[in-house]
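Hello,

Here is the structure we spoke about handing over. Please open it first, then read the notes below.

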Amino acid sequence: MQEVIYYHFKKNYVWLVLNILALAALLSCLFCNVSYAYWWEFQALAALFTITLLIWIYKYMLKQPMAVITDDTIKIDHTNPIAWKDIAGAEERMVRCCGKERRVIVLLPKEGIEYKYNFLQKHNGAFTPFCLPLYGILTPEDEEKIFRIVAHKVGLKAL
C-alpha cells in the first residue's frame, strides 16, 4: 500500500491578478522605451515578477504532498521517512503557529531512535519534527483518512 495525501490550498487569485498587472506595467514601459530594459530598477521589477509568479505556480498549480504513507513508513512533507515501528504513539494537539492555535496530529517517536533531521524539522517552532497538520489545508476526507491510518498503525489520543 502507498497512500499519498496532498495539501489542498484555497486558490488565491489576488496574487495572480497582481502578477498580471505587474507584467502589463512592465511590458507597457518596455514598449514605450526599449532602453528601460537596461535600467536596474526595471530588471529588479522583472525579477520580482518572475519570482512571485513561480511561487504562485509552485503553490497553487503543482500538487504538494503532505504525507506519503506506506505499510512500513510515513514521510511528512519533504522530510526523511520514519518507520511505523519507531513510533510509540500519536496524539492530537493544538499548537501555536503564526499567532493562531492550529490542530495537528503529533507522532511520538520511541526513545533512543536514530533519525536524521532536516533543517525544517530542527527549526519549526511549536511543531514537533513529526506533525501532521489538520487546520484547513486538507480536505475533510483526507483528514479522516489520516486519522484512520494513524489510529490503525500506532494508536491515537484525541484532544
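Asp86 sits in the loop that links β4 (82-83) to β5. Please keep in mind that this is a predicted model.

Is Asp86 buried, partly exposed or exposed? Asp86 is partly exposed, because its relative accessible area is 22%, and buried would need a value under 20%. Leaving out neighbours within four places in sequence, the contacts of Asp86 are Pro109, Lys110 and Ile113. Arg103 is another matter. Asp86 and Arg103 are separated by 17 residues in sequence, and their C-alpha atoms are 23 Å apart in space.

**The chain as a whole**

The protein chain has 4 helices and 8 strands. In sequence order they run β-α-α-β-β-β-β-β-α-β-α-β. The radius of gyration is 21 Å, well over the 15 Å that the globule rule gives for 159 residues, so the protein chain is more spread out than a compact globule. Along the principal axes, the C-alpha trace spans about 65 × 35 × 30 Å.

Now for contacts. Take those in the protein chain with a separation of 6 or more: 62% of them join residues 24 or more positions apart.

Next, burial and surface. Of the 159 residues in the protein chain, 30% are buried.

Charges come next. The protein chain carries 18 positive and 15 negative side chains. The centres of these two sets lie 3 Å apart.

**The nonpolar core**

In soluble globular proteins, nonpolar side chains tend to be buried together. The largest nonpolar core here holds 24 residues. Which of its members touch the most others? They are Ile74, Ile105, Leu107, Leu132, Ile146 and Val150.

The largest share, 5 residues, comes from α4.

What does Ile74 touch, not counting residues up to four places away in sequence? The list is Val68, Ile69, Asn80, Pro81, Ile82, Trp84, Ile87, Leu107 and Leu132.

Best wishes

Notes:
Residues numbered from 1 in each chain as written. Predicted model: local features only at pLDDT ≥ 70, side-chain atom pairs only at ≥ 80, totals over all residues. Heavy atoms only, no water. Core = buried A, V, L, I, M, F, W, Y, C linked by side-chain atoms within 4.5 Å. Buried < 20%, exposed > 50% of the residue type's maximum accessible area, 1.4 Å probe, protein only. Helix = DSSP H or I, 4+ residues; strand = E, 2+ residues; numbered from the N terminus. Contact = heavy atoms within 4.5 Å. Rg over C-alpha atoms; globule rule 2.2 N^0.38 Å. Lys, Arg positive; Asp, Glu negative; His and termini not counted. Charge placed at Lys NZ, Arg CZ, Asp CG, Glu CD.
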